Amino acid sequence: MPSLAVKLYSIFFKLSKKHLLYNLRTQTRSSLQNTKTFGTTCRPDESVAASNPTFIDGVATKDIHVDPFSSLSLRIFLPDTVVNSSLANAHVYKGYSPVTAGKNSYKKLPVMLQFHGGGFVSGSNVSVANDAFCRRTAKLCDVIVVAVGYRLAPESRYPASFEDGLKALNWIKKQANLAQLGNGNGKRLDGKRDKHVFDEFGVSMLEPWLAAHGDPSRCVLLGVSSGANIADYVARKAVEAGKLLDPVKVVAQVLMYPFFIGSVPTNSEIKLSNSYIYDKAMCLQAWKLFLPEEEFDLDHPVANPLIPGREPPLKNMPPTLTVVAQHDWMRDRAITYSEELRKVNVDAPLLDYKDAVHEFATLDILLQTPQALACAEDIAIWVKKYISLRGHEFSY
């Protein structure tokens, strides 16, 4: 059973979330109509961590607003291994962007696109808990983590957050192409090489951290709770796009206690409907706030991964690691999805943690528990199978 501290925290957490859901339901349609296009990525009561472009605890961070027509934003986590590289011309980071023009021997790291949880209606990529989790992941996996601040419901209902996830992946593709131009691979009409690419306002469009240190050919998706639904959607779109995404290649995805549901309840959805942290009634309210009224269906393709006819075929999906918790009512559907992937020969291991609750490895109060630490290390071991330059020498 979960500890007494977890049980007490769950009570206060549920009260807080139910109050938030009530407030969101009672907002007038007119107030939502004014903000649904641009949207919001963070609630006023969310505790946020400021970004810091210097290396604090081994990771530097910066925030980027990438879409002028919405509130979509990104936080980039850069581990200090890019500085401690043994390369002869390794860059000594001084708190500003590295030089990206010309031939530079910077250490290249895989890129991990991370989607936070919160039932589509809360949470943030810059929250204290998500910041700490992404810092830990960046260090353990030795990757550049790009945490996506997608638009929240009900201000921006489906498909806003899923579109934001795909926009983030396409932004990484764009940055990779711009980086190739910045390295002298592109030429102007006069025969001279382009070293920078500017927009119509004369501002460089190149993100220097990704240009100097990112390797988009080793891209991993990681989703937490509702963010796992977005990660799975982005993975499917990446499979459908194929070579159109080059040089970005999604080599694996991690689904942490995904926010799956369906019209026919599973065994865990019946027995654990009043489980810790998120109970089924709360999640149903979140889905009603997220899906448009005319599209509300618990068997919606973004809600239930097991409905027939979903494209692309499961056999084309990337390797998928699924994390579930013993005391999570959503566990059975995630386990079945993992089993279906294995049936078609997709590498899809399952990590099932005893006495754990939903978001046991990502909630702020639980981040330092042995289970959370073990989960982060287990994820790093598996992810390294697919991001190592020397092949699959890391055994799971």
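Predicted model: local features only at pLDDT ≥ 70, side-chain atom pairs only at ≥ 80, totals over all residues.
User: Let's start with Lys62. Why is Lys62 called buried?

Analyst: Buried is the word for anything under 20% relative accessible area. Lys62 has 16%, so it goes in the buried class. You'll find Lys62 in strand β1.

User: And what makes the Lys62 and Glu207 pair a polar contact?

Analyst: The cut-off is a pair of N or O atoms within 3.5 Å. The side chains of Lys62 and Glu207 are joined at 2.7 Å, and the pair is listed as a polar contact.

User: Over to Thr41. Is Thr41 buried or exposed?

Analyst: Buried. Its relative accessibility is 13%, and the label needs a value under 20%. Thr41 sits in the loop between α2 (29–33) and β1 (59–65).

User: What does Thr41 touch, leaving out residues up to four places away in sequence?

Analyst: Its contacts include Ser71, Leu72, Ser73, Gly123 and Ser124. Gly149, Tyr150, Arg151 and Leu152 are also among them. A contact here is heavy atoms within 4.5 Å. Thr41 and Ser122 are 81 residues apart in sequence, yet their C-alpha atoms are 8.2 Å apart in space.

User: Which phi does Asp355 have, and why is Asp355 called partly exposed?

Analyst: Asp355 has a positive phi as well, about 60°, and is not a glycine. Asp355 is in strand β8 (residues 350–357). As for exposure, buried means under 20% and exposed means over 50%, with partly exposed in between. Asp355 comes out at 28%, so partly exposed is the label.

User: How do you know that the bond between Ala153 and Pro154 is cis?

Analyst: Look at omega, which is about 5° for the bond joining Ala153 and Pro154; that bond is listed as cis. Pro154 falls in the loop between β4 (144–149) and α4 (160–185). The bond from Glu311 to Pro312 is cis too, with omega near -5°. Pro312 lies in the loop between α8 (280–290) and β7 (320–327). For background, most peptide bonds are trans.

User: Which residues line the second largest cavity?

Analyst: Cys141 turns up there, along with Phe133, Thr137, Leu140, Ala376 and Ile379. The volume of that second largest cavity is about 30 Å³. Helix α3 gives the largest share of its lining, four residues, and both α3 and α10 (370–387) supply at least two. By class, the lining has five nonpolar, one polar and no charged residues.

User: What makes a space a cavity and not a pocket?

Analyst: In a cavity, a 1.4 Å probe fits but cannot get out, whereas a pocket is open. The search finds two cavities of 30 Å³ or more. The largest has a volume of about 70 Å³, and its lining includes Lys17, Leu20, Leu21, Phe259 and Tyr278. Helix α1 gives the most to that lining, with three residues. Seven residues of the lining are nonpolar, three polar and one charged.

User: How much space lies in the largest pocket, and which residues lie nearest its centre?

Analyst: The largest pocket holds about 560 Å³ of space. Its lining counts 28 residues, and Phe13, Lys17, Glu46, Gly123 and Leu363 lie nearest the centre. Helix α1 supplies the largest share of the lining, six residues. By class there are 10 nonpolar, 12 polar and six charged residues. Lys17 is also on the list for the largest cavity, and Gly123 is among the residues that Thr41 touches.

Terms used:
Residues numbered from 1 in each chain as written. Heavy atoms only, no water. Buried < 20%, exposed > 50% of the residue type's maximum accessible area, 1.4 Å probe, protein only. 1 Å grid on protein atoms, 1.4 Å probe; cavity = no way out; pocket = protein on both sides within 12 Å on 5 of 7 lines; lining within 4 Å. Points joined across faces, edges and corners; volume = space filled by probe spheres on them. Nonpolar A, V, L, I, M, F, W, Y, C, P; charged D, E, K, R; others polar. Polar contact = N/O pair within 3.5 Å; in protein donor to acceptor, adjacent residues only side chain to side chain.
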